[in-house]
Amino acid sequence: MLKALQLSLSAFLLLGSVFLYQLTLKSRCLLPCLPPSPSPQRPADLLSPGRGIVFLETSERTEPRPLVSCAVESAARTYPGQPVVFLMKGLNSSTPLSPNSTHAAFSLLSAIDNVFLFPLDMRRLLEGTPLAAWYTQLNITAQRNWLHVSSDAARLAVIWKYGGIYMDTDLISIQPIPEQNFLAAQASHYSSNGVFGFLPQHPFLWVCMENFVEHYNSDIWGHQGPNLMTRVLRVWCKLRDFQEVSDLRCANFSFLHPQRFYPISYPAWRRYYEVWDTEPSFNNSYALHLWNYMNQEGRAAVRGSHTLVEKLYRRYCPRTYESLIQGPERPVTGEPGPGDQRSRGGVAAA
């Protein structure tokens with residue numbers, strides 16, 4: 001009887017030792033070994049409520065330039081309760097999407113709580129829109145300005161499907177846009193397509209996509225972009241001149257004053273890279289468009305330069321400034337990438 005009790009006790013102690021050993025092993029990685037919290041698997045999971053901010057990159061670039069990083073970060077800071085979705089053609093299922101990425105900007109953006117990076121699936125994005133048949137029948141290699149044209153198409157489709165705000169990757173956000181349905185005037189009687197916002201399935205965007213296909217011409221730069229927005233806008237609205245800094249109403253959306261996004265017009269784009277005696281307040285602006293397509297000289301923000309663009313980085317995208325902006329001895333190039341558009345940034349996924 002005593003011997004049986006001893007055997008039982010020994011077995012119990014052995015099992016206890018094994019359990020404690022396994023627990024010790026697990027305790028070494030208790031937090032690291034926990035499975036990651038579930039995250040949305042598709043852009044639609046984030047964007048369908050119509051509250052998202054969308055950026056696009058239609059080139060194969062996977063390492064965002066500093067200006068792109070600043071645009072995305074500033075939007076994430078300006079809209080902290082809303083998802084900021086960056087759709088990049090260069091991403092795929094095997095591309096690492098973690099903050100441990102070896103690319104500095106990619107890692108920086110991945111670590112921001114409300115920023116989400118997804119690959120572009122152009123064909124899927126255009127499904128169910130007037131652009132689907134156009135895209136499947138197209139010989140892409142024969143198209144001029146294809147990176148711009150594909151971005152023009154993608155931005156119309158993604159905002160029509162899911163709603164929200166589209167922004168080019170050279171727009172630095174400085175305060176929230178109070179409108180849900182809006183176009184941005186680049187000049188009087190002329191619309192930009194570098195930033196716009198609508199609720200899901202707004203009929204204006206459907207008409208834009210129909211016009212895109214009906215009057216398609218990739219040879220004319222801007223024909224599928226701001227020129228298209230302006231063509232359709234002039235049919236929908238009887239445009240008037242802006243009075244001071246006030247917006248116009250058209251049907252059920254607003255046409256926002258050029259000061260809202262373009263307080264420095266494109267002929268004066270170099271002013272962003274100069275030192276100002278008196279810094280402008282931009283009190284009437286929601287975001288600032290830096291006209292990166294015009295920047296063929298490769299001008300960039302430089303640490304310690306006291307230029308307007310350096311001050312904008314420090315204030316509105318401090319992570320990007322601290323991590324990516326170098327001093328004059330190690331300049332960061334700012335040449336436009338192939339995904340940049342006249343007022344754009346480029347990508348898409350859905």
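Two strands count as paired when DSSP finds at least two bridges between them. Keep that in mind for the first exercise, and remember that the model is a predicted one.

**Exercise 1. Find how many bridges join strand E1 to strand E2, and in which sense the two strands run.**

Step 1: Locate strand E1 at residues 53-57 and strand E2 at residues 84-88.
Step 2: Count the bridges; five of them join E1 to E2. The cut-off is at least two bridges, so E1 and E2, with five, are a pair.
Step 3: Check the sense: E1 and E2 run parallel.

**Exercise 2. Write down the strand order of the open sheet, and name its edge strands.**

Step 1: Eight strands make up the open sheet, in the order E3-E2-E1-E4-E7-E6-E9-E8, with mixed pairing.
Step 2: The edges are strand E3 (115-119) and strand E8 (248-250), each of which pairs on one side only.
Step 3: On average, and ignoring direction, neighbouring strands of this sheet are turned by 30° against each other.

**Exercise 3. Compare the two pairings made by E6: with E7 and with E9.**

Step 1: E6 and E7 run antiparallel and are joined by four bridges. Across this pairing, Leu-183 stands opposite Phe-196 in E7.
Step 2: The hairpin of E6 and E7 has two residues between the strands, and His-189 takes a positive phi near 70° there.
Step 3: With E9, E6 pairs in the parallel sense over three bridges. Here Phe-182 stands opposite Ser-254 in E9.

**Exercise 4. Work out what helix H9 lies across, and which of its residues are buried.**

Step 1: Helix H9 (residues 226-236) lies across strand E6 (182-187), strand E7 (190-198), E8 and strand E9 (253-256), and runs at about 85° to E7.
Step 2: The buried residues of H9 are Pro-226, Leu-228, Met-229, Thr-230, Val-232 and Leu-233.
Step 3: These buried residues pack against helix H7 (146-162), E6, E7, helix H8 (203-214), E8 and E9.

**Exercise 5. Decide whether H3 and H10 are roughly parallel or oblique to each other.**

Step 1: H3 and helix H10 (residues 308-316) pack at an angle of about 40°, and their axes are 9 Å apart.
Step 2: Angles under 35 degrees count as roughly parallel, so H3 and H10 are oblique to each other.
Step 3: H3 passes H10 in a left-handed crossing. The contact involves Pro-66, Leu-67, Cys-70, Glu-73, Ser-74 and Arg-77 of H3, together with Tyr-313, Arg-315 and Tyr-316 of H10.

**Exercise 6. Describe the largest nonpolar core.**

Step 1: This core has 51 residues, and Phe-55, Met-167, Val-195 and Tyr-313 are among those with the most contacts inside it.
Step 2: H3 gives the largest share of the core, seven residues.
Step 3: Take Val-195 as an example: among the residues it touches are Ile-165, Met-167, Phe-182 and Phe-261.
Step 4: A second, separate core has 47 residues, including Leu-46, Ala-185, Phe-196 and Leu-228.

Notes. Residues numbered from 1 in each chain as written. Predicted model: local features only at pLDDT ≥ 70, side-chain atom pairs only at ≥ 80, totals over all residues. Heavy atoms only, no water. Axes fitted to C-alpha atoms, helices over the stretch in contact; angles between N-to-C directions. Contact = heavy atoms within 4.5 Å. Core = buried A, V, L, I, M, F, W, Y, C linked by side-chain atoms within 4.5 Å. Buried < 20%, exposed > 50% of the residue type's maximum accessible area, 1.4 Å probe, protein only. Parallel < 35°, antiparallel > 145°, perpendicular 65-115°, else oblique. Left-handed = near helix turned anticlockwise from the far one by under 90°. Lists of a residue's contacts leave out its neighbours within four places in sequence.
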